[in-house]
Amino acid sequence: MKLNKILPLIIENDELHAKWLNTLSLMENTGARKISACEDPLTVTYIILKHAAEEHRHAFYLKKQIEKAGANACPTYEPAYLLAPAQSRYYLNQLDIDVCRYLKKELGLSGKELRFAAYLLVTYAIEVRADELYPVYQEALENAGSKVNVKSIILEEEGHLEEMISQLKSFSENWREHAEKALELEARLFSDWTKALITELTL
């Protein structure tokens with residue numbers, strides 16, 4: 001079952017919707033912390049700082065949207081306040097591990113170079129996914145007449161994807177080949193995450 005089928009069922013249940021928003025907030029926050037972790041203290045760029053700041057803001061914005069979902073707030077990222085908590089935490093961390101393994105094997109990277117290359121590929125794959133997920137979610141929200149809105153996130157994620165492609169072009173002439181591998185690794189993990197959501201919702 002695809003997200004456009006799952007999301008209306010989540011949105012119509014206030015408690016599930018709050019947990020969904022909190023889960024998205026967790027994932028945005030995880031991404032922001034990973035971006036910050038790859039920063040070089042001397043050579044960090046404007047784009048990386050901007051990207052980390054915007055991902056943190058997305059995490060905060062999604063938390064605020066929980067109030068509009070009509071349910072009690074999810075105060076933390078503890079499992080009781082998330083959907084598919086184990087898979088939601090595993091998803092981005094495992095993608096980072098898988099991409100690092102690929103870069104070590106194919107390009108022999110290590111240290112600072114490995115961290116930066118992994119940042120580029122992992123973030124690219126996540127931005128491609130975000131460009132798919134958030135518009136589908138926004139459409140489901142509008143169809144349900146929900147007060148929740150993620151249009152501002154959609155606009156920023158589109159800008160992030162353009163920035164990542166620009167950085168990837170500077171990183172390697174073969175950036176498309178590496179980017180496709182990152183998308184392949186992400187697709188498998190996203191499929192597992194979606195299956196975990198379905199299992200939890202007993203659909």
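Start by selecting K19, which is buried, with a relative accessible area of 17%; the cut-off for buried is under 20%. The model is a predicted one. K19 sits in helix α2, which spans residues 14–37.

Next, show what surrounds this lysine. Leaving aside residues up to four places away in sequence, K19 touches C74, A80, Y81, L82 and L83.

From that list, select C74. C74 is buried too, because its relative accessibility is 6% and the limit is under 20%.

Now turn to the cysteines. How many disulfides does the structure hold? The count is 0. Select C100 and C38 and display their sulfurs: C100 is in no disulfide, and the nearest cysteine sulfur to it, that of C38, is 10 Å away. A disulfide would need the two sulfur atoms within 2.5 Å. C100 is itself buried, at 18% relative accessible area.

Last, select helix α1 (residues 3–11) together with helix α5 (residues 111–144). Two packed helices are described by the angle and the distance between their axes. Here the axes come within 9 Å and cross at roughly 45 degrees, which makes α1 oblique to α5. The crossing of α1 past α5 is right-handed.

To see the contact, show these side chains:

- on α1: L3, N4, L7 and I11
- on α5: L133, V136, Y137, A140, L141 and A144

Which classes of residue make up the contact of α1 with α5, nonpolar, polar or charged? There are 9 nonpolar residues and 1 polar, with no charged residue.

Terms used
Residues are numbered from 1 along each chain as its sequence is written. This is a predicted model: local features need pLDDT of at least 70, side-chain atom pairs count only at pLDDT 80 or more; totals for chains, interfaces and linings use all residues. Side-chain values use heavy atoms; hydrogens and water are left out. Axes are lines fitted to C-alpha atoms, for helices over the stretch in contact, and angles run from 0 to 180 degrees between N-to-C directions. Helices (H or I, at least four residues) and strands (E, at least two) are DSSP runs, numbered from the N terminus. Angles under 35 degrees count as roughly parallel, over 145 as roughly antiparallel, 65 to 115 as roughly perpendicular and the rest as oblique. A crossing is left-handed if the near helix is turned anticlockwise from the far one by less than a right angle, and right-handed if clockwise. Contact means heavy atoms within 4.5 Å. Ala, Val, Leu, Ile, Met, Phe, Trp, Tyr, Cys and Pro count as nonpolar, Asp, Glu, Lys and Arg as charged, and the others, Gly among them, as polar. Buried means under 20% relative accessible area, exposed over 50%, partly exposed in between (1.4 Å probe, protein chains only).
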